[in-house]
Amino acid sequence: MNDATSILPEHNKVTEQLARLAHRLNELRGIFDYDGKREKLEELDAQTADPAFWANNDRAQDVLREQSTLKKVIADLDEAKTRYDDAQTLYELGREEGDDASIRDAWSALESLDARVGKMEFRRMLSGQHDEKGVLLSINAGAGGVDSQDWAQMLMRMYMRWAERHGFKVEVLDVQDAEQAGIRSAELAITGEFAYGYLRSEIGVHRLVRISPFDANARRQTSFASVMALPDLGDEDFDIEVNEADLEVDTFRSSGAGGQHVNKTDSAVRLRHLPTGIVVACQVERSQHKNKATAMRMLKAKLWDLEQQRREAERETLQGERKKIEWGSQIRSYVLQPYQQVNDHRTEIKSSAVHAVLDGDLDEFIEAYLLQQSQSPAEAPS
């Protein structure tokens, strides 16, 4: 055998890796407040054991979601520690017995654990208030006419494919089809652990350069579409109240291309929040009541974002000007002609695998942005 697994690692190399991993695992237990989470989980377990637990179904669902999240964090840390202990024991026995195969197996286990710990450390970057939640993703065509409308639909597919790669659930809440091709806008709900934490990295303007399939002269066209991500706060209480008197409610027949995502019913709902002018719509459900509830969820998320923008403006007044994420802030270019390249203008990460990226292979760009953000100087609270 001459592959890497047949090479016997040096003793110093193994002991250094053991020491590094022990330190990193200990840091992770502190970062994720392992002891505090175990204590909290015990409290929740006691609540779920109470016969009166299901008296308030909404509250019960909130508790079960929190319980599930705590269990996963604790299980991940416990499993990492068990793997470490097993690899350390195997290595020590291999050294004592002169068993080279056991030493190689221990080293292989440590390398695998190193990659696993790296992923857990990356999770540290997703420590925002709502990062662990699902996401409401809005895609809007911009300048560029029919090409931009087609581009908006391509982005919609890209994010749906990304979500599928991660095993996330995707709901198309609302789609406004364009007259000739593509879409004017789309609203997606993506449900999965840390979906918002990941996709907040996609907020901004996305630029496409290609030979236009809609131009008889086959000229190169530049198209723009914007992406907004908001945390899906569900029905939880997050200090956003909506007065029914402030709402203008319209019902209409669901429209669109049909298929599994759009139901042809008379139950679609559009809400206009009169004080802010915010408009949301949902047509995914056959029930008007359910569509209104989902539209209200979308509205509350947008009102939450409006409040965050207000607070951000106050901080900027005290701290000086900061670059804003807005329609004019182009974050990434996807070039199909005259060469092929995806370029993230914030991190300078580039990829020539344009079609793979458009098929949902976004993790390299997302992780680079989150890493960049985690290394930025912390801002003092206002």
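**Entry 1: aromatic rings.** I began with the rule for rings: those of Phe, Tyr and Trp (its six-membered ring) pair if their centres lie within 6.5 Å. I also kept in mind that this is a predicted model. With that rule I looked for rings that group together, and found that W162, F168 and Y198 form one aromatic cluster.

Next I asked how many aromatic pairs a search of the whole structure finds. The search gives four. I looked up W151 and Y334 among them: their ring centres are 4.9 Å apart and their planes stand at 65°, so I noted the pair as edge-to-face. W151 sits in helix α5 (residues 145-165) and Y334 in strand β9 (residues 330-335), so this pair ties together parts that are 183 residues apart in sequence. I checked the cover as well, and both W151 and Y334 are buried.

Are W162 and Y198 buried or exposed? I found that W162 is buried, and that Y198 is buried as well.

**Entry 2: salt bridges.** I turned to charged side chains and found 29 salt bridges in the structure.

For the first, I looked at D114 and R24, whose side chains meet in a salt bridge at 2.5 Å, N to O. I then compared their cover with the cut-off for buried, which is under 20% relative accessible area. R24 has 17%, so R24 counts as buried. D114 has 26% relative accessibility, so D114 counts as partly exposed.

For the second, I followed K72 to E193, where the closest N and O atoms are 3.8 Å apart. K72 is in helix α3, while E193 is in the loop between β3 (183-191) and α6, so the bridge ties together parts that are 121 residues apart in sequence. K72 is partly exposed at 35% relative accessibility, and E193 is partly exposed at 29%. I was pleased to see that K72 and E193 belong to a network of salt bridges, together with D76, E79, R83 and R116.

For the third, I noted D232 and R297, with a salt bridge of 2.8 Å, N to O. D232 lies in strand β5 (residues 220-232) and R297 in helix α7 (residues 288-319), 65 residues apart. Both D232 and R297 are buried.

**Entry 3: a charged patch.** Last, I looked over the surface. E92, E96, E97, D99, D100 and D105 gather there in a patch of negative charge. Two elements give two or more residues to this patch, α3 (57-97) and α4 (100-122). Which element gives the most? I found that α3 does, with three residues. I checked E92 by itself: this residue is in helix α3, and with a relative accessible area of 41% E92 is partly exposed.

Definitions and conventions:
Residues are numbered from 1 along each chain as its sequence is written. This is a predicted model: local features need pLDDT of at least 70, side-chain atom pairs count only at pLDDT 80 or more; totals for chains, interfaces and linings use all residues. Side-chain values use heavy atoms; hydrogens and water are left out. Patches are made of residues with over 30% relative accessible area and no salt bridge: like charges are joined within 9 Å, nonpolar side chains (Val, Leu, Ile, Met, Phe, Trp, Tyr) within 5 Å. Accessible areas come from the Shrake-Rupley method with a 1.4 Å probe; for residues, only the protein chains shown count as cover. A salt bridge is a side-chain nitrogen of Lys or Arg within 4 Å of a carboxyl oxygen of Asp or Glu. Lys and Arg count as positive and Asp and Glu as negative; His and the chain ends are not counted. The place of a charge is taken as NZ of Lys, CZ of Arg, CG of Asp or CD of Glu. Helices (H or I, at least four residues) and strands (E, at least two) are DSSP runs, numbered from the N terminus. Buried means under 20% relative accessible area, exposed over 50%, partly exposed in between (1.4 Å probe, protein chains only). Rings of Phe, Tyr and Trp (its six-membered ring) pair if their centres lie within 6.5 Å; planes under 30 degrees apart count as stacked, over 60 as edge-to-face and the rest as tilted.
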